[in-house]
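User: I have a model open and have not looked at it before. Can you take me through it?

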Amino acid sequence: MDETGVLGLIEELSILLEDAKPVFGRNNNLRQVDVGAAFEILDDIRDAFPGEFAQSRQIVRERQSLLDDAEAEAERLVEDARSQAMTIAGEQEIVRISQQQADQIMADARELERETRAGAEDYADEVFGHVEQSLDTLLSNVRRCRERLNSNSFGSAAIR
């Protein structure tokens with residue numbers, strides 16, 4: 001689901017409430033709302049969130065997989081460098097230079113892993129921030145709808 005899915009549904013619910021006809025004359029707080037349509041929108045919102053959470057978890061898993069692959073590749077490169085250094089090394093200087101290169105490769109790989117992990121964590125934080133914001137907006141709208149419904153319940157009883 002795209003970013004606007006849940007927010008679009010919340011907007012649709014707001015429009016439904018705003019477009020509802022007033023129950024009696026001057027009091028705009030009491031309105032007749034198509035409860036079926038409102039519940040349908042709320043169901044759509046509920047259905048959308050598990051998808052967004054699953055998408056967030058999938059992104060985090062993919063990022064972790066990339067991190068694991070990068071670390072494994074870095075270790076393979078280090079082992080290859082060490083192996084080549086030992087095979088070629090006949091003199092102490094060549095062994096020393098090879099060890100320095102292997103250490104540099106390992107340091108570079110660790111730095112790459114750190115940067116990739118930081119990027120993945122930032123991205124996951126951003127996704128969860130979006131989900132949190134969507135939930136906050138949804139919760140605010142649900143509370144507002146409940147308040148309206150509760151304030152309308154006295155007027156609705158008079159209609160029956």
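User: Which residues have the most contacts inside the largest nonpolar core?
Analyst: This is a predicted model, in which local features need pLDDT of at least 70, side-chain atom pairs count only at pLDDT 80 or more, and totals for chains, interfaces and linings use all residues. Residues are numbered from 1 along each chain as its sequence is written, and side-chain values use heavy atoms, without hydrogens and water. In the largest nonpolar core, of 13 residues, those with the most contacts are Val6, Ile10, Leu13, Ile41, Ile45, Phe49 and Leu138. A nonpolar core here is a set of buried (under 20% relative accessible area, 1.4 Å probe, protein chains only) Ala, Val, Leu, Ile, Met, Phe, Trp, Tyr and Cys residues joined through side-chain atoms within 4.5 Å.

User: Which element gives the most to this core?
Analyst: That is α2, with six residues. Helices are DSSP runs (H or I, at least four residues), numbered from the N terminus.

User: What does Leu13 touch?
Analyst: Ala38, Ile41, Leu42 and Cys145, with residues up to four places away in sequence not counted. Contact means heavy atoms within 4.5 Å.

User: And Ser14, buried or exposed?
Analyst: Ser14, in helix α1, counts as buried because its relative accessibility is 8%. Beyond its neighbours within four places in sequence, Ser14 contacts Asn141 and Arg144.

How values were computed
Buried < 20%, exposed > 50% of the residue type's maximum accessible area, 1.4 Å probe, protein only. Helix = DSSP H or I, 4+ residues; strand = E, 2+ residues; numbered from the N terminus.
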